[in-house]
Amino acid sequence: MDEELRIDTVRLLRSLNDLGKIGRREGFKGVTRLALSEEDGKARDLLVSWMEEEDLAVTVDPIGNIFGVREGTNPALKPVLMGSHIDTVIDAGIYDGAYGVLGALEVIRRLNEEGIETRHPVGVAAFTNEEGVRFQPDMMGSLVKCGGYPLEKAYERKDDEGVAVKDALRNIGYLGKGKIDPEAYFELHVEQGPVLHKRGVEIGVVEGVQGIAWWRVALRGEANHAGTTPLDMRKDPMAGTAELYAGMLEYVAVKGNALCTVGKLRLEPGAINVVPSLADFTVDYRSYDDATFREGKTEVEKRLGEIAVRRGLTYEKETTADAQPVHFRREMVALVDASAKRRGYSTHRLPSGAGHDAQFMHVICPTAMIFVPSINGVSHSPGEKTEAADLEHGANVLLDCALVKAGVKKES
Ligand code: HGY
Ligand code: MN
Ligand code: MN
């Protein structure tokens, strides 16, 4: 088979742009396809129609993960999966997640065009609710699939309007019954950070994914008059939230290998001249180092407790995500490295700062990730962009890796 089998970049870009049209909103520059929303349902329907055009066998599992599988010469063998997610954050770019799913579909399209036979079946995967913006935890589809979260518990998770996951799945017609047991999993993704672009490197050989801990906190104090209440008489949850966040930013700055973000905050009653009674907020803490990850989680909870006591506040906290750092199998990382080098692409090894379905698929099968540069490291923003040539390089490496694991190409 021609060593230089390449993906069709124009077609990949067209698919990215077509999918990227779903979820456009008045007043936003980017795309918003929150998990299990009407927009997510439309994107899923488009993806399934593209899978059917390629004669893939489409399976939807009980948490709504979609798999499109191409037959191999030996149906007894487990499928090699390639994929990511097509749900997005609010006002997102068109590459996060979608590039991994459509890069996988492009690999299938090329195998079909060339009539290439693989021993193992090869498939495209689109996992449910990777972003975790509407329903927590994030990476919900792959987390349930790997047995890390009970299906019934996931079904009961509710969004801010009280809609449950199971009802939302049913509303868009993706409450499935299927099951796919993978041989291996590859996830192609834009880096979403600045490392590759800054170094001018073409392919990121991902060694692992950092740990992610999320909390939802309701910090309660007492509403009072902003103009008459002296500071020492206040029970101000916003002041408590600010102290926790500022303190944790200092903590992670000193640590140097961790990050902390308060990305969502709602105050009650929410009036300019009222000391708030409630601060309802989220905390996102991450580190690739196991000890730093463990210690930092303890630090967040310790500080929250101390601040509440000192400021006369009460609180409820819920851990809504707790994904440990993962380190991919050496031989899978080496496969990505060798495939990229064989193509003559420059490479750099790095961990992923963003969470991915790969960190849970790693639990159930040999898993690897391939990164391509994000211009200026921008992501989770309409400004997210990757050069066409880089999109092509990443998908070519995905093609090679999948064919090695599916039994066509020889390992180099
Ligand atoms: O939060 C993350 O890192 C991922 O985009 N869900
Ligand atoms: Mn993603
Ligand atoms: Mn994302």
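1. N129 counts as buried, at 1% relative accessibility (buried is under 20% relative accessible area, exposed over 50% and partly exposed in between, with a 1.4 Å probe and protein chains only). This is a predicted model, in which local features need pLDDT of at least 70, side-chain atom pairs count only at pLDDT 80 or more, and totals for chains, interfaces and linings use all residues. Residues are numbered from 1 along each chain as its sequence is written, chains are lettered from A and ligands numbered from 1 in the order in which they are written, and side-chain values use heavy atoms, with hydrogens and water left out.

2. N129 sits in the loop between β4 (122–127) and α4 (140–145); helices (H or I, at least four residues) and strands (E, at least two) are DSSP runs numbered from the N terminus. The N129 side chain reaches the backbone nitrogen of G132 at 3.0 Å. A polar atom of that side chain also lies 3.3 Å from the backbone oxygen of P137. Polar contacts here are pairs of N or O atoms within 3.5 Å; within protein, one must be able to donate a hydrogen and the other to accept it, and residues adjacent in sequence count only if both atoms are side-chain atoms. Not counting residues up to four places away in sequence, N129 touches A35, D87, F135, P137, D138, M139 and M140, contact being heavy atoms within 4.5 Å.

3. The manganese ion (ligand 2) is coordinated by H85 (NE2), D96 (OD) and H189 (NE2), at 2.1 to 2.3 Å. Donors are N, O and S atoms within 2.8 Å of the metal (3.2 Å for Na, K and Ca); water is not among the atoms, so the sites may look incomplete. Along the chain, the donors of ligand 2 follow the spacing H-x10-D-x92-H. D96, in the loop between β3 (80–85) and α3 (98–114), and H189, in strand β5 (residues 184–190), are 93 residues apart and link distant parts of the chain. Both D96 and H189 are buried.

4. D96 coordinates both manganese ions, ligand 3 and ligand 2, which are 3.5 Å apart. H380 lies in the loop between β16 (367–372) and α12 (388–406) and D96 in the loop between β3 and α3, so the pair ties together parts 284 residues apart in sequence. D96 has a relative accessible area of 5%, whereas H380 is partly exposed at 43%.

5. Ligand 1 is surrounded by E130, E131, D138, R286, A354, G355 and H380, each with a heavy atom within 4 Å of it. A polar side-chain atom of E130 lies 3.1 Å from a nitrogen atom of ligand 1. An oxygen atom of ligand 1 is 2.7 Å from an N or O atom in the R286 side chain, and an oxygen atom of ligand 1 is 2.7 Å from a polar backbone atom of G355. Taken alone, ligand 1 exposes 210 Å², of which the protein buries 95% (Shrake-Rupley method, 1.4 Å probe).

6. G178 is in the loop between α6 (165–171) and β5. Leaving aside neighbours within four places in sequence, G178 is in contact with T59, V60, D61 and P62.
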